[in-house]
Amino acid sequence: MKKGSDYIGVGVGAIIVNAQGKIFLAKRGKGARNETGKWEFPGGGVEFGEALEQALVREVKEEYGFDIEVQELLDVVNHIIPDEKQHWVSPTFLCRPKGGTPRIREPHKCDEIGWFELDEIPEEKLTIASRKSLESLKKLNLPLSTQSAQSS
């Protein structure tokens with residue numbers, strides 16, 4: 001039995017914002033479980049007995065080789081992909097990079113990575129879950145950079 005297909009899967013997502021207010025995105029590769037070729041806020045599946053935050057830290061380290069600090073829950077989205085007959089429930093957390101340099105460690109799952117200004121995010125090319133979480137982020141209207149947060 002496969003999570004997300006045979007039963008509802010639980011995945012976590014990270015909106016990782018660096019000190020300059022840029023947001024980390026990854027482009028899903030051919031070996032990704034779903035929505036190949038789409039950009040996303042990184043994350044992955046939660047394993048049995050694993051806390052959501054632990055899963056997120058583990059997934060980012062495994063796939064992109066850097067450490068993050070999970071700050072707070074942003075939203076929980078229904079990630080339903082009718083064309084692929086998949087259903088996921090995906091909590092998304094606001095996070096900060098904590099150490100290391102992002103790199104693609106699983107090239108079969110990821111084609112490209114990058115840091116984007118909020119207004120540069122290719123919304124029409126995002127995964128379903130990432131589009132929903134981006135809407136939630138925009139509604140908060142938070143200052144994204146630590147520099148602007150400190151000066152205000």
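Is Glu35 buried or exposed? In this predicted model, where local features need a pLDDT of at least 70, side-chain atom pairs count only at pLDDT 80 or more, and totals for chains, interfaces and linings use all residues, residues are numbered from 1 along each chain as its sequence is written. Side-chain values rest on heavy atoms, with hydrogens and water left out. Glu35 is buried, with a relative accessible area of 7%; buried stands for under 20% relative accessible area, exposed for over 50%, and partly exposed for values in between, with a 1.4 Å probe and protein chains only.

Glu35 lies in the loop between β2 and β3. Helices (H or I, at least four residues) and strands (E, at least two) are DSSP runs, numbered from the N terminus. Most residues other than glycine have a negative phi. Glu35 is not a glycine, yet its phi is positive, at about 45°. A positive phi also occurs at Lys85, with a value near 50°. Lys85 is found in the loop between β5 and β6 and counts as exposed, at 67% relative accessibility.

Strands β3, β2 and β7 form, in that order, an open sheet of three strands with antiparallel pairing. Two strands pair if DSSP finds at least two bridges between them. Because β3 and β7 each have a single partner strand, they stand at the edges of the sheet, and one side of each is left without a neighbour there. The antiparallel pairing of β2 and β7 runs over six bridges. Lys27 has Glu112, in β7, as its bridge partner.

Trp39 counts as buried at 7% relative accessibility, and Phe116 is buried at 16%. Elsewhere, ring pairs join Phe24, Tyr64, Phe66 and Trp115 into a cluster.

Side chains of opposite charge can pair when their charged atoms come close. The structure holds eight salt bridges, each being a side-chain nitrogen of Lys or Arg within 4 Å of a carboxyl oxygen of Asp or Glu. A network of salt bridges links Glu50, Arg58, Glu59 and Glu62. Between Glu50 and Arg58, the closest N and O atoms are 2.7 Å apart, and between Glu62 and Arg58 they are 3.3 Å apart. Both Glu62 and Arg58 lie in helix α1 (residues 52-64), four residues apart, which is about one turn of the helix. Glu50 counts as buried, at 18% relative accessibility, whereas Glu62 is partly exposed, at 35%. Another salt bridge joins Lys61 to Asp67, with the closest N and O atoms 3.4 Å apart. Lys61 is partly exposed, with a relative accessible area of 34%, and Asp67 is partly exposed, at 28%.

Pockets were located on a 1 Å grid over the protein atoms alone: a pocket is an open set of points where a 1.4 Å probe fits, with protein on both sides within 12 Å along at least five of seven lines, and lining residues have an atom within 4 Å of a point. Grid points are joined across faces, edges and corners, and a volume is the space filled by probe spheres set on the points. The largest pocket has a volume of about 530 Å³. It is lined by 31 residues, of which Arg28, Glu40, Gly43, Gly44 and Gly45 are the closest to its centre. Elements that give two or more residues to this lining are β1 (9-16), β2 (23-28), β4 (43-45), α1, β6 (86-99) and α2 (128-140). By class, the lining of the largest pocket has nine nonpolar, 13 polar and nine charged residues. Here Ala, Val, Leu, Ile, Met, Phe, Trp, Tyr, Cys and Pro count as nonpolar, Asp, Glu, Lys and Arg as charged, and the others, Gly among them, as polar.

The second largest pocket holds about 150 Å³ of space. Among its 11 lining residues, Gln71, Leu94, Arg96, Leu142 and Pro143 lie nearest its centre. Strand β6 gives the most to this lining, with three residues.

Technical notes
Phe/Tyr/Trp six-rings, centres within 6.5 Å; stacked < 30°, edge-to-face > 60°.
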